[in-house]
Amino acid sequence: MKKIIAGVVAAGVISSAISGETINGAGATFPYPVYAAWAYMYYKESGIKLNYQSIGSGGGIRQIKNRTVDFGASDAPLKPEKLDEYKLYQFPAIIGGVVPVVNIPGIKAGQLRLDGDTLCHIYLGEIKYWDNEKIKNLNPSLNLPHKDIKVVHRSDGSGTTAIFTTYLASVCPDWQKKVGAGKAVKWPVGIGGKGNEGVANYVKRLKYSIGYVEFAYAKQNRLKHTLLKNKAGNFVAPSIQTFKNAGATAKFDPKKHFYLWMVNAPGKNAWPIAGASFILEAREKPEVNKKVNKFFKWAFEKGDKIAERLDYVPLPKELKEKIYQYWKKHGIYPQ
């Protein structure tokens, strides 16, 4: 799949040199691997290129607000009143999971268990060592080292951060009180990496570190994910199935422009830090939106297997139908 993504990047580099139609988008790094793979196959079928800048959700919102791209992408959904203020449409495109990843010598992927309270207090800087009693109590069979925990977070405005901090705020009153949730927060401790790529690179390089990334980045970089205790009290591993379980109870409402957070979902085997990635479009540009939506309609109809290979969850059929009706209502359904 790295070859597919490389091919898309190459196509983007030469797009200005070849006559043809191009769709320009920018925003979330969370869905970049799947958008890139979809774009490669769409170009092969249609000859239309997708030039997508993986700059973070905050950047994507800014660019579509300034009308410098055909669409923006954000993992942090905008409330209906903000969409009205910015004169934007919004719909989900893909579902995925944010996962804690660690670099502790001797600890394998899926061995370390964490719960929301412990993860919260690591990121508050109040749990400082890997052999802290709270971590040891969750992992009695592991030989955890007395080493400083090196906390890694995002440095840019990030939808992945919005999902992660919304989760922490929902499970940890101390986090809600001291830090709160959002695309950018005042981190109590740690070092910042730009994009999911930057966080993944830091965790890969720094021994005894912990970070959070979208699952596809964890797999691509061979990072060691943790297990996480969910709302039902079970320790679950990140996977397409546990992300699907989290999405099973999600109630997306087109009347609210699909505004919804999916964190801490109920369900015996639901992954607790799941989220959708959203597309943002300018309301005064129906013809541009039809061109963009033609790409996403193709992705919804032909891209599910690609998404699953990259460990994303395709939207359920009934949600896709809601999106098609939303497009029709607003006169932006592709021909």
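Biologist: In which strand does His225 lie?

Modeller: This is a predicted model, in which local features need pLDDT of at least 70, side-chain atom pairs count only at pLDDT 80 or more, and totals for chains, interfaces and linings use all residues. Residues are numbered from 1 along each chain as its sequence is written, and side-chain values use heavy atoms, with hydrogens and water left out. Helices (H or I, at least four residues) and strands (E, at least two) are DSSP runs, numbered from the N terminus. The strand that spans residues 224–225 and holds His225 is E9.

Biologist: Is His225 buried or exposed?

Modeller: Buried means under 20% relative accessible area, exposed means over 50%, and partly exposed lies in between (1.4 Å probe, protein chains only). The relative accessibility of His225 is 17%, and therefore His225 counts as buried.

Biologist: Which residues does His225 touch, not counting residues up to four places away in sequence?

Modeller: Contact here means heavy atoms within 4.5 Å. With residues up to four places away in sequence not counted, His225 touches Pro100, Val101, Ala109, Gly110, Phe215 and Pro238.

Biologist: Which elements are included in what covers the buried residues of helix H9?

Modeller: In H9, which runs over residues 195–205, the buried residues include Gly195, Asn196, Gly198, Val199, Ala200 and Val203. Their cover includes strands E4, E6, E7 and E8 and helices H7 and H10.

Biologist: What is the relative accessibility of Asn289?

Modeller: Asn289 has its place in helix H12. Leaving aside neighbours within four places in sequence, Asn289 is in contact with Asp70, Tyr89, Glu281, Ala282 and Ile332. Asn289 counts as buried because its relative accessibility is 1%.

Biologist: At what angle do helices H12 and H14 pack?

Modeller: Axes are lines fitted to C-alpha atoms, for helices over the stretch in contact, and angles run from 0 to 180 degrees between N-to-C directions. Angles under 35 degrees count as roughly parallel, over 145 as roughly antiparallel, 65 to 115 as roughly perpendicular and the rest as oblique. H12 and H14 are therefore roughly antiparallel to each other. Their axes are 11 Å apart, and they pack at an angle of about 160 degrees.

Biologist: Which residues of H14 meet H12?

Modeller: From H12, the residues taking part are Asn293, Phe296, Lys297, Phe300 and Glu301. In H14 they meet Lys320, Ile323, Tyr324 and Trp327.

Biologist: How does the contact of H12 with H14 divide by class?

Modeller: Ala, Val, Leu, Ile, Met, Phe, Trp, Tyr, Cys and Pro count as nonpolar, Asp, Glu, Lys and Arg as charged, and the others, Gly among them, as polar. By these classes, the contact of H12 with H14 has 5 nonpolar, 1 polar and 3 charged residues.

Biologist: How far apart are the axes of H2 and H12?

Modeller: Helix H2 (residues 32–46) packs against H12 at an angle of about 100 degrees, which means that H2 is roughly perpendicular to H12. The distance between their axes is 10 Å.

Biologist: Which residues does Tyr42 contact, leaving aside its neighbours within four places in sequence?

Modeller: Tyr42 lies in helix H2 and, because its relative accessibility is 4%, counts as buried. Tyr42 is also one of the H2 residues that meet H12. Leaving aside neighbours within four places in sequence, Tyr42 is in contact with Gly47, Ile48, Lys294, Phe295 and Trp298.

Biologist: What is the radius of gyration of the protein?

Modeller: The secondary structure of the protein comes to 14 helices and 12 strands. The radius of gyration is taken over C-alpha atoms, and the globule rule is 2.2 Å times the number of residues to the power 0.38. For 335 residues this rule gives 20 Å, and the protein's value is close to that, so the protein is as compact as a globular protein of that length. The radius of gyration of the protein is 20 Å.
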